[in-house]
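I opened this notebook to keep track of what I looked up. The entries follow in the order in which I made them.

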Protein chains: 2
Amino acid sequence: MSAGTFDLAAWSTERLDRVEQALSRWVPASAPAGLGEAMRYAVLDGGKRLRPLLVMAAAEAVAREADGMALRAQTNGAALRAACAVELIHAYSLVHDDMPSMDNDVLRRGKPTVHVVYGEAMALLAGDALQALAFELLTPDDGTVPAATQATLCRLLARAAGFDGMAGGQAIDLTSVGLALTEAQLSTMHRLKTGALLQGSVMMGLACAEAPPLARDALAAYGAAVGLAFQVVDDILDVTADSVTLGKTAGKDAAHDKPTYVSLLGLAASQAYAQALLAQALAALQASGLHNTDALRALADMVVNRSC
Amino acid sequence: MSAGTFDLAAWSTERLDRVEQALSRWVPASAPAGLGEAMRYAVLDGGKRLRPLLVMAAAEAVAREADGMALRAQTNGAALRAACAVELIHAYSLVHDDMPSMDNDVLRRGKPTVHVVYGEAMALLAGDALQALAFELLTPDDGTVPAATQATLCRLLARAAGFDGMAGGQAIDLTSVGLALTEAQLSTMHRLKTGALLQGSVMMGLACAEAPPLARDALAAYGAAVGLAFQVVDDILDVTADSVTLGKTAGKDAAHDKPTYVSLLGLAASQAYAQALLAQALAALQASGLHNTDALRALADMVVNRSC
């Protein structure tokens, strides 16, 4: 099937059904004293689920069997857990990022943010518990995921989320408000803040099967390009879209005097840059030697050409 | 060597030298935009390091070779990483717990708390990054720790830190202010809030070597008793000690109208309960079939009979 005829919507729907069911099963309503309710509010029923889709698409690209049933069986174990784990990390980062001491945002995915509904202290705890739960999901003791895969997934996720990944990028973001960053500095910030977890999603999907080194390097390049493109487009949409379309507050980068690609390069150059990154991502897939890359191709296209 | 003549101070000093050096090496000064500085402030140069000591003591109790050099080699790999990882989780929980939306505490280990020095947003990020770093420490890719051990350590730590452990206990704590809890409710809160990570420390040390099931069950019982005793004594010291001795604000439980063992049972009965838990912990060690348990015995005694 060529990318031109690949039905991303149908492909995504089937994967997201499984991801949503798994998240609903694994994010515990039973957690004590309202913690479970806050965790579920933060995670369920919302979001584009881009990161889980990248995990599943990468896992399918490297899976040995490409026919439907076998593929589904393979990607229901480690890959499904990895998909949910990256989404939990993403969800926790949004909860903490929205808090008054950070971005102080009251709207997320079209709903009041977690601290608005449950209070700041519970939002803080819910975020903390979601991060721990991500690693818990990756380390089942039921024999479904090999120990070596568990260890690799935990390593990739911890690095993507930590000081040299998402948290480090957020620290740069925090201290860059009002500063005139160079493009290199802006790129470093986004490579860490958003790119690390997006690229990590791809690499975690890859880690669910054995892949040749060539494919590994190619998917790392794909993940890096898609990760950066995501942020460039985010900066563009912050200027060109409205809050209702975005499901979050539009124009907040400018309102907070945050450096963005649009403020640095201008709108037209930012749009051209996003397209160039898409071309890079697709070229990397071409060079990967992998055959089953339709979903990865379509996801890269979706990231760059999305309207929200 | 009997417990009576065991020199806990000397034993601890040797282990803590290694733990402090490892923490200083692994908590990255290089993390961007001041994040590393805040992380290091939160972790280094302070604290009793009870959790790392429990990891090392448990690892030594189940290590095959009990002579000094071999033991040190064995406990320099997985056990040293586990010891540092639990301390990072503990440190992050203190950073977040001290924040204005939680306990709003300005003094910790005799120093201004992290948010006082670095601001709330950076404190939030430092805590988040410390949690991720804990899992990064447990999953090195240098061949020093077997993948199966890495996976087990991540599983134990994630469960101890998460919704059914520390974070869950903190949620109960948060929603219990001003309430009259039963002893069962208070015990559940502390079993999760403090006990899970203390017991988890013991179980992580145990996971660094192969131990018979009998020893595993016995050390789980030991960890549960020590974990609960720690909190009972904490409640006692909050009433009987002063802020300078504690290195944190004394009397804050009463000031915040938090339920404690002292408020529930009275001071004398709380002291008797702590001694009973110590006896339980020592009986569990006796039943473990393990020989090299002097450090575990001495640590239990120290937890119950400490003055700060």
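I began with Gly195(A), which lies in helix H10 (residues 183-207) of chain A; helices here are DSSP runs of H or I with at least four residues, numbered from the N terminus. The model is predicted, so local features need pLDDT of at least 70 and side-chain atom pairs count only at pLDDT 80 or more, while totals for chains, interfaces and linings use all residues. Residues are numbered from 1 along each chain as its sequence is written, and chains are lettered from A and ligands numbered from 1 in the order in which they are written.

Is Gly195(A) buried or exposed? I found it buried, because 26 other C-beta atoms lie within 10 Å; the cut-off for buried is 20 or more such atoms within 10 Å, with C-beta atoms placed from the backbone.

I then listed the contacts of Gly195(A), leaving aside neighbours within four places in sequence: His190(A), Ala224(A), Gly227(A), Leu228(A) and Gln231(A). Contact means that the C-beta atoms, placed from the backbone, lie within 7 Å. I also checked Ala91(A), 104 residues from Gly195(A) along the chain, and the two C-alpha atoms are separated by 15 Å.

Next I turned to H2(A). Its buried residues are Leu35(A), Ala38(A), Met39(A), Tyr41(A), Ala42(A) and Val43(A). Their cover includes H1, H5, H6 and H7 of chain A, and also helix H9 (166-176) of chain B. Just after H2(A), I noted a positive phi of about 60° at Asp45(A).

Last, I looked at the two chains together: 44 residues of chain A are in contact with 44 residues of chain B. On the chain A side, H7(A) gives the most, with 12 residues.

Definitions and conventions: Helix = DSSP H or I, 4+ residues; strand = E, 2+ residues; numbered from the N terminus. Buried ≥ 20, exposed ≤ 12 C-beta atoms within 10 Å, placed from the backbone.
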